[in-house]
Amino acid sequence: ISWNEVAIEMAKEVEKVVMPLFGTPKAGETIGTNVSGDVTKYVDKVAEDIVLSRLQPLDVNVVSEEVGLIDNGSDYTVVVDPIDGSYNFAAGIPIFAFSFAVFAGRKPVYGAIYEFVTKHFYEGIPGNGAFMNGERIHVRKPERGKEALSFYTRGRCIRLIKKVKRVRVLGAIAVELTYLARGALDGVLDIRNYVRPTDIAAGVIIAREAGAIVTDEKGNELKLNLSATETTNLIAVNDRYLLDLILEEL
Ligand code: IPD
Ligand code: CA
Ligand code: CA
C-alpha cells in the first residue's frame, strides 16, 4: 500500500467536502457523543464518514476519533483524526488539520498531517525524515530566553510562563506539532492528561522525524497506544535543555 497516496487522496477528499462548512453554525452542531465522551460535531461526522469509506477496501484496522477501534485483524492499524481542531473549524479560526498515522503492529511506519487552510502537507517517514510538501523539514535550534511554547496545562506548571518568551494555545495539537517540526515553535506541552493517540500520533511521528524529543511527563520516551480513548501527557521539544526546564517545573 502506498500510504502517501492514500493520505493525500483522503485529505483532498475531506477538504473538498468540509471546507464549504468552515465557520458555519451547521459545522458545529452537536450530533452525538464519541467514544471518549466528547461531543461529535456535524463536521467531525462528515469527515470521518469519508475516511472510513476510503479505508474500508484496504481492510486495515482503524482507530478514529469518533467511532474508536475497528478491528479487522490486520497487521496494519491506521490512527486517524479526520479533523483535529473542530472547535476552531466551526468557529471560523483557521487552525485545524487532517491527521493520519499508520502502524505495522505497534511500530509507526508513516504519519501525515494536512493543514487545509495553508495547504501544507506534512509527512513523517520513520528512519527517513520529515517533509512539508515534499521538502525536508527540521526543528530549529532554540535561542535561550526566546523560546515559543504551545502550552496546555490547566493551571499546572504556570511558573514556566515566566521562563519562556512566548506561549501559544492554538487549539489543534496536530497542527502545533507540525509547527514544532518545521521550526515555528520550540515546544508543545500538554499535561492535562487529556489528549489521545488520535490527536497526536501523526504529529509525534512527524516531530520526531524532524528531530524533536517527545516524552511523557516524566521525561521518558512517549509510547503511542493505538487507542482512541486512552489519554496521555506529552512534552515535545526541539532541545534537551528545554525538556529539562519543563521537567523542573512539573
Ligand atoms: C482537540 C485538539 C486540541 C486539544 C483537544 C482535542 P478535536 O481535538 O487536538 O488541540 O487541545 O484536547 O480534543 O476534538 O478538535 O479533534
Ligand atoms: Ca483531535
Ligand atoms: Ca477530531
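Mentor: Let's start with overall size. A compact globule of 250 residues would have a radius of gyration near 18 Å, and the protein has 17 Å, which agrees. That radius is taken over C-alpha atoms, and the globule rule is 2.2 Å times the number of residues to the power 0.38. This is a predicted model, where local features need pLDDT of at least 70, side-chain atom pairs count only at pLDDT 80 or more, and totals for chains, interfaces and linings use all residues. Residues are numbered from 1 along each chain as its sequence is written, with chains lettered from A and ligands numbered from 1 in the order in which they are written.

Trainee: What makes Gly32 count as exposed?

Mentor: Gly32 has 11 C-beta neighbours inside 10 Å, so it counts as exposed. Across the protein, 44% of the 250 residues are buried.

Trainee: Which strand does Gly32 lie in?

Mentor: Strand 1, residues 30-33. Strands are DSSP runs of E with at least two residues, helices are runs of H or I with at least four, and both are numbered from the N terminus. The protein has 8 helices and 15 strands.

Trainee: How is the protein divided into domains?

Mentor: Domain 1 covers 3-137 and domain 2 covers 148-249; such bounds come from an automatic or database domain assignment. The C-alpha centres of the two domains lie 20 Å apart.

Trainee: Why do you say that ligand 1 lies between the domains?

Mentor: Domain 1 and domain 2 both give residues to the shell around ligand 1, so it lies between them. There are 13 residues around ligand 1, and Asp84, Gly85, Ser86, Ile173 and Asp199 come nearest. To be near, a residue needs its C-beta atom, placed from the backbone, within 6 Å of the molecule. Strand 5, helix 4 and strand 13 (187-195) each give two or more residues to that shell.

Trainee: How does the shell around ligand 1 divide by residue class?

Mentor: Into 6 nonpolar, 3 polar and 4 charged. Ala, Val, Leu, Ile, Met, Phe, Trp, Tyr, Cys and Pro count as nonpolar, Asp, Glu, Lys and Arg as charged, and the others, Gly among them, as polar.

How values were computed:
Buried ≥ 20, exposed ≤ 12 C-beta atoms within 10 Å, placed from the backbone.
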